[in-house]
Amino acid sequence: MGDFRFFDHIADVGMEITADSAADLFITAGKGLMEWIGSPPSTRAVHKSTVNVAADDMDSLLVAWLQELLYRFYHLHSYLMDASAFDLDMDHLTVKAVLQEKIWEESLSHNYREVKAVTYHQLKIERYGPRWRASVILDI
Amino acid sequence: MVPAGAPRSFWIFDVPGGCPMELTKIHQYLWEIPRTGNMLVPGRVYATPELLADSKSDESLAQVRNVAHLPGIVKYSLAMPDIHWGYGFPIGGVAAMRPSDGVISPGGVSYDINCGVRLLATQIVYDEIKAHIPRIVTRLFQSIPAGVGSSGAIPRLSRADQKRILEKGARWAIEQGYGSPEDIEYTEEGGCLEGAEAEEVSEKAKERGSTQAGTLGSGNHFLEVDVVEEVYLPDVAAAYGLESGTLAFSIHSGSRGLGYQVCDDFLSVMGKAMRRYGIQIPDRQLACAPIESPEGRRYLAAMAAAANFAWANRQVMMGLVQRTLLEALNISPRELGFRLVYDVCHNIAKFERHLVDGKAETLCVHRKGATRAFPPGSDQIPAAYQNWGQPVLIPGDMGTASYVLVGTAQAMEETFGTSCHGAGRVQSRTQALKMGAGRDLFEEMSQRGVKVMATGRRTVAEEMPEAYKNIHSVVDAIVMAGISRKVARLRPVGVVKG
């Protein structure tokens, strides 16, 4: 089970994530990102969709995964609730996952916050003992 | 102005997380970071000691030093007085690269490609319509989509229009009926950066932009109703159409989700390019590629397309402001006297001619949170401004003031014709939220004579005046350094925020 906390950054916000596995780290980071943006929409239905993300290194893979979630939120109006069948291949640097998302049709609520991008600024992914830790700065 | 031959002194600066940095005082408003290690040029920061002290708590000075490592950089890695911590480049950072051996870095442009400011003058006298300001602000708030993910100012762009908007910029918006053809003359680069290629913009980026043309967005973006409160250079102000006591409107926005996506797409491309070309840099967010490489050329084509989207975005909003004012005030266009003073971009990389060691060279100038400030006589500015120089638009926080400056010949010599871009944050958003807790900021702003309308209270708290540096100090620093001259000061009386 992973955990996350937000920390201050001059014009933006940082997120520190800890988890028992690299896969859980990614899922937890995704949930943290969603929490920063706002609460889940009230719609009841949860849809499943499959995503594939690839990159050249672990840092880029985490950024690409979170950027995919941003795109899905702001453009497809899909709020990540959870992810299953999460296959993080650290050799080939790919993520395949089934996302459980709440999808809504109407305009984006003004209660949500804007995240412009997930940055590489001070990005860190590390293993400490049996657990994993990452920190990432969101450009808001 | 700066006294000639002023004695130099040193200031040892503790940079968070790094070695102490020694700054050399060139004069009261200019500090140099000496070239050390693998820096290719020194760094130079325009600031008063007080403004410089604001940088102590962050890593912006270290970022000036990092930028000095980029291949092909010429003269200095520069920073303006509104410097603060960015990603890769500091906000307020300027760097010019030789195309032959230099690099292009998306981190030197920012995620919000061609974020910029458009200033609109009117001949409406504030004192005569003061009572109507709340109604005007309300109508503007209703007309111009603002806030996170704002959309719907115009119908979803067709595939053909997506291509046209990316390759024609502000001209596309004028063809759709927003503004008039003469607006092109008063927009930096004519509202269309050469070399834009819609094909280099990813489908995701196009999708993100498809409903966002003519929208303000959120964060520090705004539409402001101002009064021209003080005129410092009457001849220049008259040429710009700015008369004391009249109403003006400022639009601050950029390329929205489309630009964010372009930047993100190319950070990944640049990461691979650096390995291919063996480029070593101290910060991954400075990822770059040689300007003349396929990767560099592709980014420049996509960045230009995103910049054109931003100009179209501001052009559409200008048209919406004009229509709203005509309806709200029930007056004729002649009575309104609406005209574009100028539109500047402050997140961009462009090819420009500058003198290097007395010889004119074409350079790729990165400006990230910095404004082009060309002097009188430049062939890059409108004919009507040739005798005076380019308007430089410097918005402050929403409760204090904004400035109109003009470029100088000294800026061309020292800063590649560049000035500051705004006040610059001193408080994080969280700090601002804490400071704003329990306060009615809408009422406080109202007490200061500013009618604020926003999609959420949180944005207003995050953007409260105390969160920013003192705009007067920032402008005084750049003026005293000889980089710009003050033309007019504007006082906000109404603000629309996302």
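These are my notebook entries on the interface of chain B with chain A, on one strand of chain B and on one serine.

**Ground rules.** I am working from a predicted model, in which local features need pLDDT of at least 70 and side-chain atom pairs count only at pLDDT 80 or more, while totals for chains, interfaces and linings use all residues. Residues are numbered from 1 along each chain as its sequence is written, chains are lettered from A and ligands numbered from 1 in the order in which they are written, and side-chain values use heavy atoms, with hydrogens and water left out.

**Entry 1, the interface.** I looked up the contacts (heavy atoms within 4.5 Å) and found 37 residues of chain B in contact with 33 residues of chain A. The buried area, meaning the accessible area (1.4 Å probe) that two parts lose on being put together, summed over both, is about 3,200 Å², and carbon and sulfur atoms give 50% of it. Of the area that chain B buries against chain A, Tyr87(B), Val148(B) and Arg284(B) supply 23%, more than any other three residues.

With a salt bridge taken as a side-chain nitrogen of Lys or Arg within 4 Å of a carboxyl oxygen of Asp or Glu, I find 6 across the interface of chain B and chain A. One joins Arg256(B) to Glu114(A), with the closest N and O atoms 3.6 Å apart. Helices here are DSSP runs of H or I with at least four residues, and strands are runs of E with at least two, both numbered from the N terminus. H7 (203–209), H9 (256–277), H13 (429–436) and H15 (457–462) of chain B each supply at least two residues of the side that touches chain A, and H9(B) gives the most, with 7 residues.

I next checked burial (buried is under 20% relative accessible area, exposed over 50%, partly exposed in between; 1.4 Å probe, protein chains only). In strand S17 (residues 402–407) of chain B, 6 of 6 residues are buried: Ser402(B), Val404(B) and Val406(B) lie on one side, and Tyr403(B), Leu405(B) and Gly407(B) on the other. Strands pair if DSSP finds at least two bridges between them. S16 (residues 391–394) of chain B runs antiparallel to S17(B) and is joined to it by 4 bridges, with Val392(B) partnering Leu405(B). S20 (residues 484–497) of chain B also pairs with S17(B) in the antiparallel sense, over 6 bridges, and there Gly407(B) has Ser484(B) as its bridge partner.

Ser473(B) lies in helix H16 (residues 471–480) of chain B, and I log it as partly exposed because its relative accessibility is 30%. Ala47(B) is 426 residues away from Ser473(B) in sequence, yet their C-alpha atoms are 9.1 Å apart in space.
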